[in-house]
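User: I am new to this structure. Please show me how to read its features, one at a time.

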Amino acid sequence: MEQRALFIIFGGTGDLAYRKLYPALFSLYEKGYLKEHFAVIGTARRPWTDDHYHEVVVNSIDDAGHDVSRTNTEMARKFASHFYYQSHNVDDANHYVALKDLANKLDDQYELNGNRIFYMAMAPQFFGTIAGHLKDQNLLTDNGGFNRLIIEKPFGRDFETAKELNDSISKAFNEEQIFRIDHYLGKDPIQSIASLRFSNPIINALWNKEHVDNIQVTLAESLGVEERAGYYETAGAMRDMVQNHVLQVVSLLTMNRPEIYDAKHLREKKVEALNNIQQYTEEEAKQNFVRGQYGADEIGSQLPYRDEEGTADDSEIETYVAGKLVTHNSGLAGVPIYIRTGKRLAKKSTQVNIIFKGLDKNIFSELTGKKEIPTNVLTIHIEPDQGYTIEMSSKSGNQGYDIQPHYLRFRMTSEEKAKVPDAYEKLIHDALKGDKTNFAHWDEVSRAWKLMDVVRKTWDNTVPEFPNYVSGSMGPKAADDLLERDGRKWEFNPLK
Ligand SMILES: NC(=O)c1ccc[n+]([C@@H]2O[C@H](COP(=O)([O-])OP(=O)(O)OC[C@H]3O[C@@H](n4cnc5c(N)ncnc54)[C@H](OP(=O)(O)O)[C@@H]3O)[C@@H](O)[C@H]2O)c1
């Protein structure tokens, strides 16, 4: 169904807008969710004309892989004609007057019913200033349309700065109007976690402390820091990946079943799940978290992190984090959740492994002389593969009763994957509909910071021995020790 709205994009000349937002809006246009009744104002300081802006928008959708060369050229041009550029320094209150006039004009011209989406595709230090001016200069409509704010991570550096940021935007927007993007929540396989858990009786029946031994979450990247060193030096893997994406995934894995699947009920259960992750003391954080930074690879063809362009020679920032969390949420109370994320690891893979408890007895042991039988493992593949694997055990193809693992596999084909909407397309569409199911609530963000702040604090008080893992490995040895001390090992190991 067609949605009516004016998008005002702060940071309209930036990387996020170019690579993600314009292509996502075009996809919505191609599918008819946006038609005649939408307009976009892009703002930033550089003095672009509307014509130049249209070229940029068409190039961005071309670069993103949309066909704009032949049949689609006219459509792309028509789409771009809805875009208007307004040169604007967000610090200057006077500029909001011109912005308001243009917004009101476009509202009439495109019959937008006063619906406005303010998209902050800029550094977070500007969010409070922009929100304040939007309110003071009356850019928020009050004629029955909606005013929604979309903001990007990073949402603060710790609980204190996140709270300051939240307070500053809350002066103009209430929680219901704020859409905090965690693009992992826009990914189809992440959204599928709840459907897998709560629409399969066999999975639902086993997803509890009686049957689950431990849960493992891996977000492994094979690339290094690439051209993001400037940002990464101040963020590190903990702030970049763990506080947001990893903990969001953990909340979906450990939450109790919502009454119905909507934003309100899901949020309640996710907040409850995060509140029930054990809050560590500094000593516990030290025992249960490991950090790492990559060195060169074994043949010296990959640079160590500290030699990458833009990083400090003595950088203490982590490119790897592993940790053990414990949930006290009723269904899974006491089940350990091992998490890890890192750069320059052996293989790119995001996946979740649910390792089930073994049987207390192998009745075939007399026949085979083997006491152990393999445990069952459910793997949820998130990227690059999407799908599931269930590891089961049975005899097959042998004379006796030698129990072997077998794998039930489902993978989406590349054709199927190509049809899945991109995370930004999904999330912008949700924001247009006012559906907050896949956005992070302040209660989630703030709790996640509190859980991780204590880890950061212990790390900031000690000097790490970096580098401590080889590029192309699966991280530092201490991350393996974290599981070995519990008698366990990482399920995903491409080097095995
Ligand atoms: N890029 C990504 O893939 C990505 C992914 C996740 C989150 N994010 C987050 O999204 C935000 C934007 O990232 P980005 O990569 O797009 O950054 P970027 O390429 O540096 O873009 C920043 C934008 O802000 C504008 N700007 C800077 N100062 C301004 C001012 N005083 N007044 C008006 N405009 C100003 C810049 O344009 P002018 O120089 O023309 O003013 C530019 O359009 C950041 O918070 C980032 O962490 C980005």
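Analyst: Start with the naming of elements. Helices (H or I, at least four residues) and strands (E, at least two) are DSSP runs, numbered from the N terminus. This is a predicted model, where local features need pLDDT of at least 70, side-chain atom pairs count only at pLDDT 80 or more, and totals for chains, interfaces and linings use all residues. Residues are numbered from 1 along each chain as its sequence is written, and side-chain values use heavy atoms, with hydrogens and water left out.

User: Which element gives the largest share of the shell around the ligand?

Analyst: A residue is near a molecule if one of its heavy atoms lies within 4 Å of it. Here 21 residues surround the ligand, and the closest are Thr13, Asp15, Arg19, Arg45 and Arg46. Helix 1 (residues 15-30) supplies the largest share, three residues.

User: Which classes of residue make up the shell around the ligand?

Analyst: Ala, Val, Leu, Ile, Met, Phe, Trp, Tyr, Cys and Pro count as nonpolar; Asp, Glu, Lys and Arg as charged; the others, Gly among them, as polar. The shell has nine nonpolar, six polar and six charged residues.

User: How many residues of strand 9 are buried?

Analyst: Buried means under 20% relative accessible area, exposed over 50%, partly exposed in between (1.4 Å probe, protein chains only). In a regular strand the side chains alternate between the two faces of the sheet. In strand 9 (residues 320-326), seven of seven residues are buried. Tyr320, Ala322, Lys324 and Val326 point one way; Val321, Gly323 and Leu325 point the other.

User: Which strand does strand 9 join by seven bridges?

Analyst: Two strands pair if DSSP finds at least two bridges between them. Seven bridges link strand 9 to strand 10 (residues 336-342), and the two run antiparallel. Lys324 sits opposite Tyr338 there. Strand 8 (residues 289-292) also pairs with strand 9, antiparallel, over four bridges. In that pair, Phe289 faces Gly323.

User: Why does Gln293 count as buried?

Analyst: Gln293 counts as buried because its relative accessibility is 0%. This residue lies in the loop between strand 8 and strand 9. Its side chain reaches the backbone oxygen of Ile317 at 2.9 Å.

User: Where are the cis peptide bonds and positive phi values?

Analyst: Most residues other than glycine have a negative phi, and most peptide bonds are trans. A cis bond joins Glu383 and Pro384, with omega about 0°. Another joins Phe466 and Pro467, with omega about -10°. Arg344 has a positive phi of about 55°, and Glu226 has one near 50°.

Notes:
Polar contact = N/O pair within 3.5 Å; in protein donor to acceptor, adjacent residues only side chain to side chain.
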